Every structure is written in structure tokens, then in C-alpha cells.
Amino acid sequence: MSENMKQNYLNHPKGIMSWLLTLDHKRIGLMYLVSGILFFFLGGLLALVMRFELAAPGNDIISNEIYNNAYTLHGAIMIFLFIIPAIPGALGNILLPLMVGAKDVAFPRLNLASFYIYSFGALFALYTIINGGVDTGWTFYTPYSTQSSSNVVPMTLGIFIIGFSSILTGLNFIATVHKMRIPGLTWYKLPLFVWALYGTSLVQITATPVLAITMVLLMLERFLGIGIFDPALGGDPVLYQHFFWFYSHPAVYIMILPAFGIISEIIPVHSRKKIWGYKFIAYSTLSIAFIGFLVWGHHMFTSGQSVFSQIVFSFITYFVGIPTGVKIFSWILTMYKGQVSFTPPMFYALAFLFLFTIGGLTGIFLGAVALDIHLHDTYFVVAHFHYVMQGGTIVAFLGGLHHWWPKSFGVMYNQTIANIAALGVFIGFNGTFFPQFLLGLRGMPRRYATYDEQFVELHSYSTFWSGILGISIFIAVMNLFWSFIKRNKVDPGSNPWGGMTLEWTHTSSPPHPHNFEEEPVLQHGPYDYDKVIVQKTYKK
Amino acid sequence: MLDRLTEFFFPKQVSTYASDIDSLYFFIFYSSVVLFFIVVFGMVYLSIKYRHRKGEELKLTSSKDHSNLLESMFFIIPLILVSITFVWGIRSYLKMVIVPDDAIEIKVTGQSWFWTFDYPDGGTTLNELVVPSNKPVKLVLSSKDVLHSFFIPVMRSKMDCLPNRYNIMWFDATKEGVYDIFCTEYCGTGHSQMGAKVIVMQPAQYEEWASELGSEDDDLPLDELGAKLYTKKACNTCHTLDGSALVGPSYLQTSQMWGQERVFDDGTSTVIDDNYIRSSILEPMTQIVAGYQGVMPTYQGLLSDRELDALIAFLKTLNEDSQI
């Protein structure tokens with residue numbers, strides 16, 4: 001092995017400053033990953049506090065005030081500090097330039113700036129927690145949010161700042177996909193994860209400014225009483241909901257599209273099979289990103305919208321459902337006549353298909369206006385979006401981490417423990433959230449610190465399994481990081497799953513500081529398992 | 001069989017349109033179960049059938065990556081199912097929004113954290129909505145402060161209460177009984193305690209009740225009336241009788257401190273007496289007890305003088321140690 005092979009982005013250059021001022025997309029990705037995981041654990045801890053309070057009907061562990069703070073911070077941290085920044089920021093950053101054969105993203109300095117803007121915004125969120133929390137719900141509905149004495153301003157300011165990081169990362173990724181591909185890597189030869197990041201980035205740069213404006217208006221309302229949302233001054237609190245969901249519904253696609261991308265990589269590689277319906281998956285990513293802008297009103301079916309708006313929003317909502325459904329069938333058919341290996345990433349991908357299908361189908365219930373009126377703001381909605389966000393996005397994220405872990409960091413985790421933890425996540429997740437569908441159907445409202453006796457059985461069941469879920473996620477993540485400590489290194493030439501995209505075939509594990517020793521030459525498409533045999537090589 | 005399933009998934013069906021909505025639910029439910037079964041079966045079957053067996057060599061796999069027949073099926077079948085769902089959803093929805101002309105109209109006001117109901121023939125109730133059975137009831141909803149949402153699970157209906165606009169909902173209750181009402185739009189500390197009951201009566205019984213509304217309590221002794229008002233006017237949402245602090249101080253504590261100084265959050269203090277209790281009910285925000293948040297709404301206009309006297313009398317009876 002040459003001296004040059006031993007040099008990788010993790011060990012060269014050395015020193016703390018070389019990390020803090022790094023322009024290397026892989027190092028920035030790793031920093032996003034670590035901070036994202038920390039916020040994930042913090043948000044998860046808050047979720048467990050809530051679940052344990054809800055094990056019994058009364059105020060048994062915490063008061064209403066603390067509960068309201070816990071659920072607000074859980075939502076805000078998970079969405080704004082973990083899910084939205086973490087997948088594009090961590091996996092996207094590490095993989096996008098490698099997948100298109102580039103030395104780095106288009107604007108490396110901007111990339112570092114994005115990370116620091118995110119960190120700066122996160123400081124405001126942490127200040128909010130230390131200074132006594134915020135109790136408005138992550139949605140900050142007016143007029144409650146303009147009247148609440150909790151830390152609404154620091155939290156919204158934090159979200160406002162993090163929004164810029166999101167916009168700049170999106171911009172950077174779009175420029176990278178357009179301009180940094182190696183010759184011959186045409187649009188239809190791009191790995192589908194790149195398509196997914198591209199679609200995500202388009203939504204990030206177009207939707208996030210609306211969130212920023214909404215947060216500014218909310219702050220102005222609090223400071224200056226400009227009256228845009230205040231009925232006493234001729235404003236309208238429902239206008240806030242329109243603004244908020246005009247961002248936050250597309251934000252659902254910022255959260256789920258990268259997960260679609262991850263699944264589109266894991267399934268063909270671990271099935272050694274050309275992906276089913278490449279073009280359909282690619283285009284549906286873009287069309288879902290677009291249609292996502294037109295359905296925000298389905299969050300407001302009980303707000304008193306006109307009957308006509310209700311009908312139109314219900315109608316358009318189904319146009320997101322159908323392409324998503326066809327995607328699920330495409331992923332499943334990819335396994336047809338393949339050679340499927342039951343590896344940890346594949347287990348997560350199969351878990352994703354199971355859980356996300358439930359998440360998607362329950363969305364159809366909520367899209368039917370008449371039924372949504374009963375289910376709106378109940379636990380049915382809580383269960384639905386957790387099946388999409390956690391069962392979908394976070395399970396895909398864990399799968400992606402297991403898939404690219406040996407590539408990104410040159411170490412291999414214990415695969416048996418990884419499989420057991422994946423099973424624990426799957427069972428614990430269903431145990432926690434499936435009963436919540438029933439709770440919602442039976443009329444249990446969300447955001448309740450205490451509840452009626454009739455709901456106790458399902459709630460305690462949900463709480464029990466949430467413990468298993470929490471422990472399993474902790475084990476899954478610790479098992480990954482333990483491979484660093486154990487120094488269970490893989491050979492730099494390893495391609496343990498037999499991946500076909502550039503990051504597997506043309507660079508070492510972990511990659512060289514400049515990604516490739518020479519500009520890669522494209523030899524085959526991303527999923528040409530019908531044309532080329534790529535051996536699985538995994539040497540310690 | 002279907003009745004059993006309905007009971008398993010849903011609360012009772014009490015409105016005329018409830019069974020319609022439950023049927024829509026079961027249509028989507030069964031379609032989803034079939035689609036879900038296809039997905040899981042396909043996933044398990046394909047992954048096991050085409051698994052990479054131990055010792056088997058890696059080979060070039062099939063280049064099949066599309067099938068026009070299959071894909072059009074995946075497109076057309078869900079399209080048919082969601083089209084039915086959409087149309088059904090809208091048809092049922094129209095039943096929920098078109099209010100019959102002969103509906104009696106009750107005004108519902110949400111306020112942190114209780115509900116007020118104003119009846120057509122005069123009279124007001126708190127946290128108890130009384131309606132006749134088999135007669136359409138139109139609710140005109142609004143809020144006095146932040147957003148609330150008025151949810152009656154057995155009717156399958158809910159509607160947000162806004163501070164600047166009236167929203168409408170209606171139902172025709174088919175079964176007498178007492179059912180839950182929940183607030184489903186987060187409204188702060190007391191959100192999860194902002195429950196109420198809807199009492200569905202026989203029409204004749206309702207008429208009788210409505211005509212007596214407001215007058216029935218005239219004969220009660222003051223302290224008994226106070227005890228009744230304590231729950232009826234939703235004092236119990238925030239004030240306990242056992243000494244434990246909820247959103248506001250416990251009545252027991254106030255009673256035990258009768259004649260003593262009470263300290264407020266601005267450092268001032270006053271002696272607890274009849275006038276203090278009266279002003280703290282009518283102008284709660286002027287003197288906020290130290291250690292508590294100033295969140296109580298005013299009861300100005302919601303309580304008569306006799307009712308105020310009754311609450312004060314009730315509060316005094318709580319302290320058994322001293323005879324005031």
C-alpha cells in the first residue's frame with residue numbers, strides 16, 4: 001500500500017484548526033452528523049419524558065407547563081435541528097461530490113458558512129432551553145405565540161437563522177449537480193440519491209424564505225404589534241397558518257425526499273439488481289417537490305376555510321399520494337430476479353417500506369375532508385406523521401448511515417448488533433405508534449398533558465414500547481460510533497456491499513482528502529448489475 | 001360484525017352523519033389493508049425468493065426494470081381507489097356543512113380554559129352543552145382569546161374557534177346521553193383540562209330544561225349553590241379543593257389563609273376577605289398571587305351577585321378548623 005493510500009480526509013491534515021476551518025465537504029458532513037445526532041438524542045429524550053408522563057392519565061411526573069415545553073422543544077429540535085439539516089447536511093455533504101466525481105461541492109466556503117450559520121442558530125435554540133423553554137408548539141400558532149411569556153423570540157430567531165443555512169446548502173447542491181459532474185455523467189446516469197438531493201434543494205431554496213418571512217412577521221408582531229395576525233388591529237390569525245404551512249408542507253418533502261434517495265441506493269445495491277423504473281423515480285421526485293407546494297390547506301381543514309378551498313386542497317393532496325405509491329412498488333420490484341442480501345442497511349430499507357407504506361396510506365385517510373374533520377389534531381395525526389418522519393425518514397437515515405459507514409469512515413460496525421438493533425427499532429416503533437392510530441380514532445386529542453381514563457390502556461402500551469424504541473435507537477447509533485473506538489478498520493479498497501456508484505468504485509475508504517487521486521472515468525451506470533459484476537470486497 | 005368493528009375503532013355514533021363517515025373510514029381501511037398486504041407480501045416473497053444463498057456466486061442479474069402492464073396497474077388501481085375516496089369524502093363533507101333550516105342555534109365561546117354556551121331563549125351554561133335529540137343543532141363558534149377547537153368525538157365533528165370570525169358546525173344527535181367535548185387546538189397551560197360535556201335530552205325534557213335555565217338554583221342555600229358553581233363555572237379547571245396547586249392557588253389554601261395577608265407578584269399584599277375574593281373573580285389580573293401566572297379570565301358578566309356570594313360562601317366552608 002502506497003503512502004498516499006494511507007492518507008485520508010480524516011487523518012490529513014491534522015489539528016483542531018484544520019477541522020474548524022476545513023473546506024472539505026466530508027469533514028463538514030461529519031460535523032453535521034455529530035451535531036445532528038446530538039440533537040436527535042436530545043429530542044428523543046424529551047419524547048421519552050412525554051411518553052412516561054402519558055403512561056397514566058394525571059399529572060404524574062411533570063406539570064402541564066413542563067409537558068407543553070417538552071412537546072414544543074421535541075418538535076422544534078427534531079424538525080429544525082435534526083431532520084431538515086441532518087440528512088442533506090451529513091449524508092448529502094459527504095456523498096454528493098463523491099457521487100458526481102467532483103473534488104468538492106461547488107462553493108466549499110459557502111458550505112462551511114452554512115455549517116456555522118446552522119450552529120449559530122442552534123445556539124439560540126439551546127439558549128431557549130436553558131432560559132426556560134418555549135410552550136407554543138413547534139407550529140407557533142398565533143395569537144397564542146404572540147401572547148405567550150415563554151421564549152418565543154429566541155426560538156423563532158434560531159429557526160430564522162437556520163433557514164439561511166438550509167437555503168445556502170440547497171444553492172450549493174444545485175450548483176454542484178449542474179456544474180460539477182464528470183464528463184459522461186449525464187442526468188440519467190446520476191445515482192437517484194443525487195436526484196433526491198436535487199429535488200430537496202429546489203424545495204429548500206424556494207420554500208424556506210417563506211418560513212423566514214413568517215418568523216420575522218411573528219417577531220415584529222411581538223415587538224411592535226404591527227397587527228398582521230392580531231384581530232384587534234384588523235389582522236388575521238388564520239393568515240399565519242397559511243404562511244406557516246406554505247413552508248411547512250413543502251418542508252415535509254425536504255424531510256422525506258432524501259430518504260427516498262437513500263432507499264433508491266440501498267435496495268439496488270443490496271439486491272444487486274438494476275433499479276425498477278429509474279426515470280419514473282427521478283421525475284416523480286421533482287413532481288412531488290412541485291405538487292408539495294399546492295397542498296398546504298390540508299393542514300387547515302377545520303380552520304373554517306371555504307368549502308371550495310377544502311375540496312381543491314383535498315383533490316390536489318391525492319396527486320402526491322399516487323406517484324409516491326408507484327415509487328413503493330418500484331422499490332419492491334427492484335428485488336425481482338436479484339440477489340438479495342440481508343445486511344443491516346437492507347433491513348432498514350425493508351423496515352422503511354413497511355413503515356412508510358403505513359405512513360403513506362394513513363395520509364389517504366387524512367386527505368378525505370369528511371374523515372379528516374374527525375381525525376384532525378388527534379393522535380391519528382401524531383401517529384401518521386411519525387410513521388412518515390420517523391418510520392420513513394429516520395429509519396432511512398439509519399439505513400443510509402449503515403450503508404455508507406464503512407465508505408465514509410473506513411471502519412465497520414458489528415453487523416449482528418446492527419441487525420438486532422434494527423429489529424428493535426422496527427418492533428419498538430410499531431409498538432409505540434400503532435396504538436396511537438386507535439387513540440386518535442377514538443377521539444384522543446394531541447398536545448394533552450393529561451387525559452381521560454378511557455385512553456389509559458393504549459397510552460400505557462405506547463409508553464412501554466417507546467422505551468424499547470429509545471433503547472434500540474441508542475444501541476444502533478452507539479454500535480456505529482463504537483467502530484471508531486474499536487478501530488475495526490476496513491481495507492481502503494473495500495467495497496463491502498458491491499456498490500456501483502463512483503464513491504464505491506473510484507475512491508478509497510475513507511476517501512482521499514481530494515476525493516479521487518485522478519479524475520474518475522465513468523465505466524457504467526449507477527445500477528448496471530445486468531452488465532458488470534462488481535465483487536463484494538470486505539477485508540479488515 | 002361491522003358494528004363490533006365500528007365500536008372497536010370509534011366512539012359511539014351519535015350524529016346523523018357519523019355512520020357515513022365511519023363507512024368512508026372502513027372503505028379506505030379495507031382498501032389500505034389490501035394494498036398494504038400486497039406491498040408486504042411482495043417485499044417478503046421477492047426478498048426471500050431471490051435471496052443471495054450461501055456460497056452462491058455473484059452473477060449478472062436481470063436487466064428487467066419496467067413493465068408497462070404492471071406500472072399502469074399500479075397507477076390505475078390506486079387512482080380508482082382515491083377517486084372514490086375523494087368523491088365520498090366530499091359528499092360526506094357537504095352533509096356536514098349544509099345546515100338544515102330548522103336548526104336551533106347555540107352560541108359557543110371558547111376562552112382559556114372553558115366553554116360558554118348561550119341558548120336561543122336566553123340563559124347560559126358553562127362546560128355543559130345541553131341539546132335536544134333528533135333535532136338539528138347549529139353551533140356558532142368563536143373565541144375570546146387564543147385559538148381553540150371544539151371537538152365532539154361521538155358526533156365526528158370539530159371546528160376551530162377563532163377570535164375574529166364565526167365558524168359554524170351542526171349536528172343532529174340521534175341518541176340521548178352524556179358525551180365528551182375536547183379542545184383540540186393547543187391553547188396553553190390548561191389545554192388538556194379544557195373539556196366539557198354535551199348532554200343530549202329528549203326534546204320535551206330539553207324544552208323543560210331550557211325554560212327553567214337560570215332559575216332552578218334560586219332556592220338553594222348559598223354554600224350549596226357555590227359548590228355547584230365551582231364545577232359548573234369551571235373553577236375546578238384551575239383551582240383544587242385539596243390544597244394542591246394547579247394553574248391557580250387551591251381554594252382550600254385560600255380558605256385556610258382567611259384573614260391573613262396574601263402576597264402578590266408585584267410585592268404588594270392584602271388581607272384575604274370577602275371583597276378580595278369578589279375582586280379576584282371579577283378582576284383577576286389586577287392582583288396576581290406570587291408564584292402563579294396571571295392567566296385567569298374575568299368572570300364579569302358571567303356571574304350574578306348571588307352567584308358571587310355563593311362562591312364566597314362555599315370557599316369559606318372549606319376550612320373546617322375555623323368558624324368564620
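## Helix α3 of chain B

In this predicted model, helix α3 of chain B runs over residues 68–97 and has 30 residues, and the distance from its first C-alpha to its last is 43 Å, close to the 44 Å expected at 1.5 Å a residue. Its buried residues are Phe74(B), Pro78(B), Leu81(B), Val82(B), Thr85(B), Gly89(B), Ser92(B), Tyr93(B) and Met96(B). These buried residues pack against elements of both chains, namely α11 (307–334), α12 (344–367) and α13 (369–375) of chain A, together with α2 (18–49) and β7 (157–161) of chain B.

## Where the chains touch

Between the chains, 69 residues of chain B are in contact with 75 residues of chain A. On the side of chain B that touches chain A, the elements giving two or more residues are α2, α3, β6 (148–152), β7 and β9 (177–183) of chain B, and the largest share, 15 residues, comes from α3(B). By class, the residues of this side divide into 37 nonpolar, 22 polar and ten charged.

## Helix α5 of chain A

Helix α5 of chain A, residues 108–130, has 23 residues and reaches 33 Å from its first C-alpha to its last, close to the 33 Å expected at 1.5 Å a residue. Among its buried residues are Asn111(A), Phe115(A), Tyr118(A) and Thr128(A), and the buried residues of this helix pack against α3 (25–53), α4 (64–100) and α7 (152–179) of chain A. After α5(A) comes Gly132(A), which has a positive phi, near 110°.

## Nonpolar cores

The largest nonpolar core has 231 residues, of which Val194(A), Ile263(A), Ala351(A), Phe352(A) and Leu353(A) touch the most other members. The largest share of this core, 23 residues, comes from α4(A), while at least three residues are drawn from each of domain 1 and domain 2 of chain B.

Leaving aside neighbours within four places in sequence, Leu353(A) is in contact with Ile328(A), Trp331(A) and Ile332(A), as well as with Val39(B) and Met43(B). A second, separate core of ten residues includes Leu225(B), Ala227(B), Leu229(B) and Leu315(B).

## Domains of chain B

The domain assignment of chain B gives domain 1 (2–47 + 68–97), domain 2 (104–212) and domain 3 (222–317). The centres of domain 2 and domain 3 of chain B, taken over C-alpha atoms, are separated by 26 Å, and nine residues of domain 2 are in contact with eight residues of domain 3. The side of domain 2 that touches domain 3 has three nonpolar, six polar and no charged residues.

Terms used. Residues are numbered from 1 along each chain as its sequence is written. Chains are lettered from A and ligands numbered from 1 in the order in which they are written. This is a predicted model: local features need pLDDT of at least 70, side-chain atom pairs count only at pLDDT 80 or more; totals for chains, interfaces and linings use all residues. Domain bounds come from an automatic or database domain assignment. Two residues are in contact if their C-beta atoms, placed from the backbone, lie within 7 Å. Ala, Val, Leu, Ile, Met, Phe, Trp, Tyr, Cys and Pro count as nonpolar, Asp, Glu, Lys and Arg as charged, and the others, Gly among them, as polar. Helices (H or I, at least four residues) and strands (E, at least two) are DSSP runs, numbered from the N terminus. The expected span of a helix is 1.5 Å times one less than its number of residues. A residue is buried if 20 or more other C-beta atoms lie within 10 Å of its own, exposed if 12 or fewer, and partly exposed in between; C-beta atoms are placed from the backbone. A nonpolar core is a set of buried Ala, Val, Leu, Ile, Met, Phe, Trp, Tyr and Cys residues joined through C-beta atoms within 7 Å.
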